[in-house]
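Biologist: I would like to go through this model with you and ask what stands behind each label. Shall we begin?

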2 protein chains.
Amino acid sequence: MSTATDHFLIALEKVLGKPDSPIPLHEPEFPQSAWEKVQDCLDSTFVSSVGKYVDQFENQLAEYTGAKHVIAVVNGTAALQVALTVTGVQPEDEILMPALSFVATANAASHCGAIPHFLDSDSRTLGLNLDVLEGYLNTIVEVTSRGTCNRYTQRRIGAIIPMHTYGHPVAMDRLLDIADHYNLPVIEDAAEALGSTYKEKHLGTFGLLGILSFNGNKTITTGGGGAVLTNNPSLAELAKHLTTTAKLPHRWQFFHDRVAWNYRLPNLNAALGCAQMEQLPELLCRKRLLAQRYQEVFRDFREIDFVVEPDNSRSNYWLNTLKLKEADPVSRDRLLTVANDAGYQCRPTWTLLHKLPMYTNCPRSPLPVAEQLEASLINVPSSAKLAGATTQ
Amino acid sequence: MSTATDHFLIALEKVLGKPDSPIPLHEPEFPQSAWEKVQDCLDSTFVSSVGKYVDQFENQLAEYTGAKHVIAVVNGTAALQVALTVTGVQPEDEILMPALSFVATANAASHCGAIPHFLDSDSRTLGLNLDVLEGYLNTIVEVTSRGTCNRYTQRRIGAIIPMHTYGHPVAMDRLLDIADHYNLPVIEDAAEALGSTYKEKHLGTFGLLGILSFNGNKTITTGGGGAVLTNNPSLAELAKHLTTTAKLPHRWQFFHDRVAWNYRLPNLNAALGCAQMEQLPELLCRKRLLAQRYQEVFRDFREIDFVVEPDNSRSNYWLNTLKLKEADPVSRDRLLTVANDAGYQCRPTWTLLHKLPMYTNCPRSPLPVAEQLEASLINVPSSAKLAGATTQ
């Protein structure tokens, strides 16, 4: 075993202790109130798309994030598809997004018939590279009667989606300036960022719309779940309408006025979310403690940096992330192998979206930083409960 | 109050008793084991897309229906969209379906970029009118190098979707003969039909694929949920792949090979389904008792027929249905008003799909029977627990 992998395992053990059984990358925890609310939901028999917990969960999310309107849906992909749809994205529009993201970001665009257009990343925030973005847009954008278009493909640009990678904020004030300049709507993919703020404002509330995810591996989970956030009342109304089969209210008549979805979060799942929202500040506090512990242990590490929250930001540290100083997929995979063999569930970042077969022909900017990050990022176990596992 | 409405209320009271509070159209009931399984699911922390209850629910459904493969998903609309996709439906294909159906049938086709093509109903089964279908297909179909096409629109016909209305079976042997003759894949919309059989075979297992729904108003519910049924192993594999972001199995790598969805039923919801599957035979038994009681009470009724299961069929009587002998929306609405005012939640059938604004320009056959049914059908309270409510 090389020195680097030795050191790596020793560091993980310092933070996480020696595993009796494999330590998952991220697992949820449920307070006692989760049981109580779920049982109350079953007792009411209102387990489906109508019920008090859906409304309550939306209200809790609105209060917590500061978004004026929240629409709870079945998952983050659905939330992003709905957000793009109410923004007015049309088939064949291009949607600007980072190449370094989970596949759902691109799939949501595809589900609207739109075409992902991939952009490079910032090695500091792991999100969109704003320095490069500005110059790139200047090169590709032409304003026509159809709106902001890509002069090379002649397609309209429908939106720009910053994604807050692992909960680390993109500098939203500067991004909004750039987007405004080119008249591009901003939809924030804050799927991973519940609890993260930029300049003390919650992520997902800067853009025209934002989305959250509550899948099983997220900071809080509803089994499957997501939410659309917006301050715009008419977009909120339309989003809710489109997620509930676009049925017009009537005592008994079934009349629907749009092609729409059955995307409403069931009350059963919302009940689980309500309980965890009460617990969220305490969860985040423990997650920060864990991140701090990783930061201490990996300080002065020769081969590896710990990724810390960007300036002006407070990150939820959804997934704690290490970065090899020398990007190298072989070294990365060696570390992943020894860590996973030793019972620490670690993983690389996602395969860059333009390398997936269905997205290889999509337009893209040069992606040197994203390529580097792909070869150098490692996520390490990040559950809140691990904050107490330290051996020190 | 007219004599007809008087009689109607007296009949409802005979079956359902006098309501203390409004009697819902359909509400679920959960056995003690539902709570135990949901609690076990929470204790395991596996509430999301991985967990033992999803597999168990799929196995229970496979065993119960006789389908070789079952894929549990977030809802019936998603199930139908996936079924159409794995069948090979392409954008601009036409999908044959009854005009008398819930909007989800048409929406699922739209979500594939396909175009609904509406057909007439049978006043006996409330499903597709097979006599008319045969002649209609003979008129519109032309076989070209692209497959079975509509000679008038020149579009390919991608599939035919029989829908088993309120759980009453379409005569599937004859429908399959017709579909075979025109080389059309059959996808059964059995959203309402869990527990219904035709010639002792469960609905949803006759076509290339079938789908079920477990929304809150269905015979059993998982909050939100649905399932794809098929006997074809490669279609089953593809359906599962497409509902789980098309991720290829790997120890840590994120590689996805198709545009796909996050449509997997969460384990939390599946746990609720598992408990109710154990209870299903007994639920169905009570639902049949209730249907029998409606049938007795409305026998010899001058203005109204009770809709009974078609020949060679066993219906789950998901929603008990009355039919005015004289189709007339004014009389229908008068009955709906007095019933709902008296605390019996009743509703008409769905607005015919070709009358919804987004579907008015879709192709359609003449729809005389569907129009008649729209003006004459009334659903009456149908929960299994009402079987014991009779005042006789």
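Biologist: How do you know that the copies meet through the same surface?

Modeller: By comparing the interface residues of the two chains in this predicted model. 100% of the interface residues of chain A are also interface residues in chain B, so the copies meet through the same surface. In the contact, 52 residues of chain A face 52 residues of chain B.

Biologist: Which elements of chain A give two or more residues to the side that touches chain B?

Modeller: Those are helix H2 (32-44), helix H5 (103-111), helix H9 (267-298), helix H10 (329-341) and strand E15 (347-348) of chain A. H2(A) has the largest share of that side, with 5 residues. By type, the side of chain A that touches chain B holds 25 nonpolar, 21 polar and 6 charged residues.

Biologist: What makes the relation of chain A to chain B that of a two-fold axis?

Modeller: Look at the superposition. Chain A goes onto chain B by a rotation of 180°, with a shift of 0.0 Å along the axis and an RMSD of 0.0 Å. That is therefore the relation of a two-fold axis.

Biologist: Happy with that. Now to the helices: why are H2(A) and H9(A) called roughly antiparallel?

Modeller: Their packing angle is about 155°, and the axes lie 8 Å apart. Angles over 145 degrees count as roughly antiparallel, and therefore H2(A) and H9(A) get that name. The crossing of H2(A) past H9(A) is right-handed.

Biologist: Which residues meet there?

Modeller: From H2(A) come A:Ser33, A:Ala34, A:Lys37, A:Val38 and A:Cys41. They meet A:Asn267, A:Leu268, A:Ala271, A:Leu272, A:Cys274, A:Ala275, A:Gln276 and A:Glu278 in H9(A). This contact of H2(A) with H9(A) has 8 nonpolar, 3 polar and 2 charged residues.

Biologist: Which residues make the contact of H4(A) with H5(A)?

Modeller: On H4(A) they are A:Gly76, A:Thr77, A:Leu80, A:Gln81 and A:Leu84, and on H5(A) they are A:Ala104, A:Thr105, A:Asn107, A:Ala108, A:Ala109 and A:His111. They divide into 5 nonpolar and 6 polar, with no charged residues.

Biologist: One last point. Into which domains is chain A divided, and how many residues of each are in their contact?

Modeller: Domain 1 covers 3-27 + 279-388 and domain 2 covers 32-276. Their centres, taken over C-alpha atoms, are separated by 25 Å. The contact takes 37 residues from domain 1 of chain A and 42 residues from domain 2 of chain A. H9, strand E13 (313-314) and helix H11 (368-374) of chain A each give two or more residues to the domain 1 side, and H11(A) has the largest share of it, 6 residues. That side divides into 22 nonpolar, 11 polar and 4 charged residues.

Conventions: Residues numbered from 1 in each chain as written. Chains lettered and ligands numbered in written order. Predicted model: local features only at pLDDT ≥ 70, side-chain atom pairs only at ≥ 80, totals over all residues. Contact = placed C-beta atoms within 7 Å. Helix = DSSP H or I, 4+ residues; strand = E, 2+ residues; numbered from the N terminus. Nonpolar A, V, L, I, M, F, W, Y, C, P; charged D, E, K, R; others polar. Domains from an automatic or database assignment. Least-squares fit on C-alpha atoms with pLDDT ≥ 70 in both. Axes fitted to C-alpha atoms, helices over the stretch in contact; angles between N-to-C directions. Parallel < 35°, antiparallel > 145°, perpendicular 65-115°, else oblique. Left-handed = near helix turned anticlockwise from the far one by under 90°.
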